[in-house]
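Try each task before you read its solution.

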Amino acid sequence: SPDGSRLVYATQGGTQQLYLRSMDSLEARPIPGTEGAFNPFFSPDGQWVGFFAGGKLKKVSVNGGAAIALCDAGTALGASWSRQGTIVFGTIGPLMQVSDAGGTPQPLTHLEKGEAAHTWPEFLPDGKAVLFTVGLGFPARVAVYSLETGKRSDLIQGATAPHYLPSGYLVYAQAGGNLMAAPF
């Protein structure tokens with residue numbers, strides 16, 4: 001969770017579903033209504049968990065209750081939730097965006113010549129830009145898209161799955177299983 005107090009994860013044996021664990025406990029509890037879920041992510045306030053299941057983007061409260069379908073999501077490859085109430089998710093295609101209240105997803109980015117997918121998005125803390133991966137597998141590259149200008153900048157070649165750390169570093173994966181960090 002954003003405050004580091006909880007962890008959510010998807011199991012893959014038996015019935016696949018999401019589990020929520022407080023970091024001060026060794027026990028995790030299943031989250032009802034998340035059967036078949038994958039790629040979980042938290043809302044900025046840590047009170048909701050977004051996830052994908054059955055071709056839909058959904059959310060569920062960490063306090064319980066029914067899961068809420070937000071939109072069709074097809075093949076979803078990562079998501080991020082902004083403080084401004086927007087969820088961006090990766091696809092075979094451009095990044096898509098939808099309100100955290102639901103609706104019809106709209107393209108955020110556009111594919112350039114030779115590109116097939118924009119995946120693994122993450123909002124930067126100010127909510128004005130999104131890190132993401134251009135491509136599937138390797139070779140891939142990390143890029144950033146400005147919501148203010150609509151411009152994209154490619155940052156790192158041969159990299160995927162970017163994550164911004166509050167210490168000012170960008171962490172990403174390289175081919176061969178290397179985890180890298182660079183000042184950002």
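**Exercise 1.** Locate M23 and decide: is M23 buried, partly exposed or exposed?

Solution. Start with the position. M23 sits in the loop that links strand 2 (18-22) to strand 3 (28-30). Keep in mind that this is a predicted model. Next, take the relative accessibility of M23, which is 43%. Buried means under 20%, and exposed means over 50%. M23 therefore counts as partly exposed. Last, look for its partners.

**Exercise 2.** Describe the largest nonpolar core, then find what L57 touches.

Solution. Count first: the core has 13 residues. Those with the most contacts inside it are F41, F52, L57, I87 and F89. Now turn to the elements. Strand 7 (68-72), strand 8 (76-81), strand 9 (86-91) and strand 10 (96-99) each give two or more residues. Strand 8 gives the most, with 3. Then zoom in on L57. Leaving out residues up to four places away in sequence, L57 touches F41, I68, L70, I87, F89 and V98, among others. In general, nonpolar side chains tend to be buried together in soluble globular proteins.

**Exercise 3.** How do strand 12 and strand 13 pair?

Solution. Begin with strand 12 (residues 118-123): 5 of its 6 residues are buried. Next, check direction. Strand 12 runs antiparallel to strand 13 (residues 129-134), and 4 bridges join them. Finish at the turn. The two strands form a hairpin with 5 residues between them. In that turn, G127 has a positive phi of about 75°.

Methods
Residues numbered from 1 in each chain as written. Predicted model: local features only at pLDDT ≥ 70, side-chain atom pairs only at ≥ 80, totals over all residues. Heavy atoms only, no water. Core = buried A, V, L, I, M, F, W, Y, C linked by side-chain atoms within 4.5 Å. Buried < 20%, exposed > 50% of the residue type's maximum accessible area, 1.4 Å probe, protein only. Contact = heavy atoms within 4.5 Å. Pairing = 2+ DSSP bridges.
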